[in-house]
Amino acid sequence: RRLNLYDSKRVLEESGVTNLSSEKNRKPLYLLGIDLEEEVLSGNLEASTHSYLEYFKRWGFRATFFVVGKLFKSHPNLILEIQTAGHEIACHSFAHRPIPELSRKEFEADVKRCVSLSEKLLGKRPLGFRAPCLSVTSKCEWVYPFLKDLGFQYSSSVLPAWNPHFGNPKFGQTPRIVDGLWEIPVTVLGVGPVKVPFGAGVYF
């Protein structure tokens with residue numbers, strides 16, 4: 001099944017799964033997540049997004065769009081178009097700054113700002129979160145209780161491989177619950193002895 005990330009989290013819970021470390025719990029789920037960042041798309045935000053939407057419509061895919069909060073203000077019609085097409089809108093922070101660059105108070109204020117803008121435009125709070133640059137590592141797992149208290153139901157913020165930036169290879173490649181919140185790490189591929197991200201912006 002091709003699912004957005006929230007749907008996959010729901011499927012796991014309905015199946016009574018709390019982690020996927022056992023082979024018998026593994027299911028053929030294909031998760032689609034798009035980081036919507038104007039900086040990365042170099043001014044081609046609308047054209048690139050429409051290409052995604054057309055492709056997903058053609059194949060009947062549902063995806064999660066992790067939206068940087070600034071875009072709720074600069075491109076509200078585009079965000080509404082994504083939602084109308086049946087895709088999930090999730091939070092990708094407001095200013096797109098990696099977590100280690102922020103104090104806890106700055107991080108919390110940044111996320112709350114994104115949530116507020118999403119709620120104002122879409123009439124509901126986002127359920128999913130992705131940290132900028134996949135910057136949730138073992139040193140900042142304090143984010144999970146905060147995100148849970150804010151109403152988030154899952155995160156997809158871990159790069160489960162070594163990386164000079166924010167890799168967390170000890171986390172593992174399967175989703176699991178951390179402090180009451182599902183963490184769905186991004187997909188990595190083995191290239192010889194090295195594991196590299198399948199996507200995720202700056203790492204690809």
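Predicted model: local features only at pLDDT ≥ 70, side-chain atom pairs only at ≥ 80, totals over all residues.
Me: What percentage of the contacts with a separation of 6 or more is accounted for by residues 24 or more positions apart?
Reply: Take the contacts in the protein with a separation of 6 or more. Residues 24 or more positions apart account for a share of 71%.

Me: How far does helix α3 reach from its first C-alpha to its last?
Reply: α3 covers residues 45-59, which is 15 residues. At 1.5 Å a residue you'd expect 21 Å, and the model comes close to that. The reach is 22 Å.

Me: Which residues of α3 are buried, and why do they line one face of the helix?
Reply: Look down the axis of α3: the buried residues fall within an arc of 70 degrees, so they line one face. On the other side, E54, R58 and W59 are exposed. The buried ones are L45, T49, L53 and F56.

Me: Is H87 buried or exposed?
Reply: H87 is found in the loop between α5 and β5. Its contacts beyond four places in sequence include L53 and F56, both among the buried residues of α3. With 7% relative accessibility, H87 counts as buried.

Me: Which residue has its backbone nitrogen 3.0 Å from a polar atom of the H87 side chain?
Reply: Leaving aside neighbours within four places, H87 is in contact with F61, R62, A63, F65 and I82, among others. The backbone nitrogen at 3.0 Å from its side-chain polar atom belongs to A63.

Me: How many residues apart in sequence are the parts that D35 and R130 tie together?
Reply: D35 and R130 form a salt bridge, with the closest N and O atoms 2.8 Å apart. D35 sits in strand β3 and R130 in the loop between β6 and α7, so the parts tied together are separated in sequence by 95 residues.

Me: What is the N to O distance in the salt bridge of E119 and R125?
Reply: A search of the whole structure turns up 3 salt bridges, including this one. E119 is partly exposed at 35%, and R125 is partly exposed at 40%. Their side chains meet at 3.5 Å.

Key
Residues numbered from 1 in each chain as written. Heavy atoms only, no water. Helix = DSSP H or I, 4+ residues; strand = E, 2+ residues; numbered from the N terminus. Expected span 1.5 Å × (residues − 1). Buried < 20%, exposed > 50% of the residue type's maximum accessible area, 1.4 Å probe, protein only. Arc of directions from axis to C-beta. Polar contact = N/O pair within 3.5 Å; in protein donor to acceptor, adjacent residues only side chain to side chain. Contact = heavy atoms within 4.5 Å. Salt bridge = Lys/Arg side-chain N within 4 Å of Asp/Glu carboxyl O.
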